[in-house]
Amino acid sequence: MSQRERLDQYPAGCRGGGREDPTLGTRGPSQSPWSRRGLPRLGSPVLAPWGPRAEGSTAPRPGGTPRGGVPGRHLWGEGRRPGCRGRFLSAHTWIHAYLHRADSDQDSKMSFKEIKNLLRMVNVDMNDMYAYRLFKECDHSNNERLEGAEIEEFLRRLLKRPELEEIFHRYSGEDRVLSAPELLEFLEDQGEDGVTLAHAQKLIHTYELNETAKQHELMTLDGFMMYLLSPEGAALDPAHTCVFQDMDQPLPHYFISSSHNTYLTDSQIGGLSSTEAYVRAFAQGCRCVELDCWEGPGGEPIIYHGHTLTSKILFRDVVQTVRDHAFTLSPYPVILSLENHCGLEQQAVMARHLRTILGDALVTEALGAQTPEELPSPEQLKGRVLVKGKKLPAARSEDGRILSDQEEEEEEEEEEAEAAEQRRRAKQISPELSALVVYCCATRLRTLHPNPVPPQPCQVSSLNERKAKKLIREAGNSFVRHNARQLTRVYPLGLRMNSANYSPQEMWNSGCQLVALNFQTPGYEMDLNAGRFLVNGQCGYILKPACLRQPDTTFDPECPGPPRTTLTIQVLTAQQLPKLNTEKPNSIVDPLVRVEIHGVPADCARKETNYVLNNGFNPRWGQTLQFQLRAPELVLVRFVVEDYDTTSPNDFVGQFTLPLNSLKQGYRHIHLLSKDGASLSPATLFVHIRVQRF
């Protein structure tokens with residue numbers, strides 16, 4: 001049966017014939033502003049002007065949808081041939097069953113509580129504030145009950161998305177349904193790689209909510225909305241949410257998610273130390289954690305921020321936490337960065353705890369050659385724990401003392417007043433602890449050589465942010481080459497008393513692998529860290545770009561060359577933005593969107609839209625922001641929504657950060673996150689993305 005014959009089964013008048021938007025026209029090649037692959041030509045409008053301002057916002061949320069689908073905007077009939085799609089859908093009486101179930105007292109009227117139950121039944125995610133406001137607007141009888149036409153109006157306005165309707169009708173034409181070939185055309189125009197007719201058919205069977213349409217391999221507007229709101233319609237490439245990168249390269253070839261002062265839950269002056277902080281870090285994909293080890297009572301080493309009022313926890317308890325939680329999210333190796341302030345006796349206790357608690361997971365000897373030319377790969381070290389610390393040389397000096405793993409540069413600059421006896425004790429390394437340092441021997445980075453020198457892959461340098469920035473400025477390419485073969489750890493200055501963070505991007509630009517941040521301190525710095533490690537299965541390891549892995553690379557982040565990529569983002573709409581400032585309970589969000597580019601200095605930029613007055617439910621912008629990029633392989637794109645304020649700083653609403661190389665083209669939803677990285681569902685941005693490489 002042909003598509004036309006199938007459509008002829010629909011009630012008369014349901015195949016179009018209603019009011020057409022004169023701005024759309026036909027989809028002939030002479031009239032379309034789209035290229036063959038559907039990305040809008042620069043300078044041409046992506047979306048024609050909308051008609052009257054819509055009230056509704058969201059669409060049903062995918063996942064767990066009851067068989068038969070959810071109510072869409074056509075359920076009750078609207079606009080074009082009133083009731084025509086409604087008659088088609090009314091052949092399936094599932095909506096009446098849901099209304100009947102939600103109407104708890106069976107009075108054919110719906111209270112707000114019953115409306116909320118109905119929304120939950122059909123998996124429509126709705127912010128309570130917006131839901132109640134819409135409920136009151138539809139309650140024309142003003143009796144806190146909706147009935148008949150009021151219920152129809154509520155559902156219609158709730159699910160109305162004019163911008164999605166326009167895109168849908170651009171491809172469906174008069175039929176008002178998408179066939180599999182038409183959906184395939186949309187996917188090709190989105191820039192989806194390797195899509196086939198079979199893939200389009202699979203999407204229909206996955207996201208279409210109406211069983212009759214699904215049986216005829218047709219997608220309605222409701223199914224189209226479901227698809228665009230699903231992970232497959234999101235800005236983040238779904239293929240990058242699992243481990244997809246080569247994990248068989250040496251450790252220095254990866255960015256490694258790293259934490260500073262991991263034990264702290266608050267500031268480094270008087271905050272609480274807790275093993276729970278390690279659990280949280282591992283849950284965020286962290287692979288390098290810090291242990292500040294000090295002499296404790298009863299012969300047991302303790303962990304805390306020395307010479308401060310932070311609370312203390314046992315070293316033994318932290319090692320047990322590592323054993324129990326280090327590999328729950330990621331199977332790839334964990335590095336324990338020891339800052340050792342203990343005497344010889346308690347260092348021996350530390351070594352004993354590491355061996356007995358971690359057992360075979362602890363790396364105690366090289367996997368192959370004792371003097372390897374390169375470090376093992378994450379794949380080779382799966383499930384293993386590495387110790388980073390000072391190691392005794394093969395031939396000791398007379399007194400057997402060497403520098404401790406105290407972060408030397410900062411010690412020299414900021415802790416000259418430390419008592420001589422404490423220095424003496426901290427500079428002793430016990431043989432038992434030294435033996436556990438195999439691949440991560442802490443050393444001081446004194447100079448960088450412009451010409452290649454024999455690699456020392458097992459040496460790890462620790463630099464504070466100030467020293468690292470100086471090396472980037474003064475020895476850019478030499479520092480990049482150094483980091484192509486050896487690990488470098490960067491940590492915040494000790495002067496950051498409130499445990500604030502520095503921007504990690506500058507360190508990543510030079511290939512530094514272990515860029516340690518205070519995980520307990522939210523802010524854009526941690527947003528960037530979460531965005532960097534969002535992909536590759538959130539396993540905590542990200543393969544560095546080729547220009548940062550080659551030992552003879554000529555790359556210098558300060559001189560990246562001419563632009564190679566144009567990123568064009570059209571900010572279209574947003575849906576159900578939360579009002580997070582509790583100090584302004586009665587105000588309505590005046591949202592604006594800012595797009596930030598974080599990369600090499602020449603690429604860093606930020607551009608924003610105008611603000612929309614008093615509309616956090618379904619604000620619209622239709623504004624285009626464009627960026628020229630010189631080192632796109634290092635770029636992170638951060639989408640930020642703020643509540644505009646004329647008299648005070650804007651309030652943060654939500655954000656989402658991801659690597660440019662994981663950004664999908666075409667029409668995409670961006671699912672916003674809170675300051676601490678929690679989902680703000682159902683809050684989303686709807687954008688069109690175009691990436692041109694040349």
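Which residue follows α8, and is its phi positive or negative? The residue is G191, and its phi is positive, near 90°.

Before going further, some ground rules. This is a predicted model, in which local features need pLDDT of at least 70, side-chain atom pairs count only at pLDDT 80 or more, and totals for chains, interfaces and linings use all residues. Residues are numbered from 1 along each chain as its sequence is written, and side-chain values use heavy atoms, with hydrogens and water left out.

Now the overall picture. The chain has 21 helices and 22 strands; these are DSSP runs, H or I of at least four residues for helices and E of at least two for strands, numbered from the N terminus. Of its 694 residues, 59% count as buried. Buried means under 20% relative accessible area, exposed means over 50%, and partly exposed lies in between, with a 1.4 Å probe and protein chains only. The chain exposes about 28200 Å², and carbon and sulfur atoms supply 50% of that. Accessible areas come from the Shrake-Rupley method with a 1.4 Å probe; for residues, only the protein chains shown count as cover. Contact means heavy atoms within 4.5 Å. Among contacts with a separation of 6 or more, 72% are between residues 24 or more positions apart.

Back to α8, which covers residues 180-190. Eight of its 11 residues are buried, so the helix is largely enclosed by the rest of the structure. Among the buried ones are L183, F186 and D189. D189 has a relative accessible area of 6%, and its side chain makes a polar contact of 2.7 Å with the side chain of Y171. A polar contact is a pair of N or O atoms within 3.5 Å; within protein, one must be able to donate a hydrogen and the other to accept it, and residues adjacent in sequence count only if both atoms are side-chain atoms.

Helix α6, residues 149-159, is also largely enclosed, because eight of its 11 residues are buried. They include E150, F154 and R157.

A nonpolar core is a set of buried Ala, Val, Leu, Ile, Met, Phe, Trp, Tyr and Cys residues joined through side-chain atoms within 4.5 Å. The largest has 136 residues, and F154, L291, L354, L567, V637 and L685 touch the most other members. Strand β22, residues 679-693, gives this core its largest share, six residues. A second, separate core of 26 residues includes L164, I167, Y171 and V195.

Then strand β8, residues 334-340. Why is it described as largely enclosed by the rest of the structure? Because seven of its seven residues are buried. Both faces are covered, with V334, L336, L338 and N340 on one side and I335, S337 and E339 on the other. Two strands pair if DSSP finds at least two bridges between them. Strand β5, residues 288-294, pairs with β8 in the parallel sense over six bridges, and four bridges join β8 to β9, residues 385-389, also parallel. S337 is the bridge partner of E290, and K388 in β9 is the bridge partner of S337.

Last, the cysteines. How many disulfides does a search of the whole structure find? It finds zero, where a disulfide is a pair of cysteine sulfur atoms within 2.5 Å. C138 is buried, at 0% relative accessible area, and C547 is buried too, at 14%.
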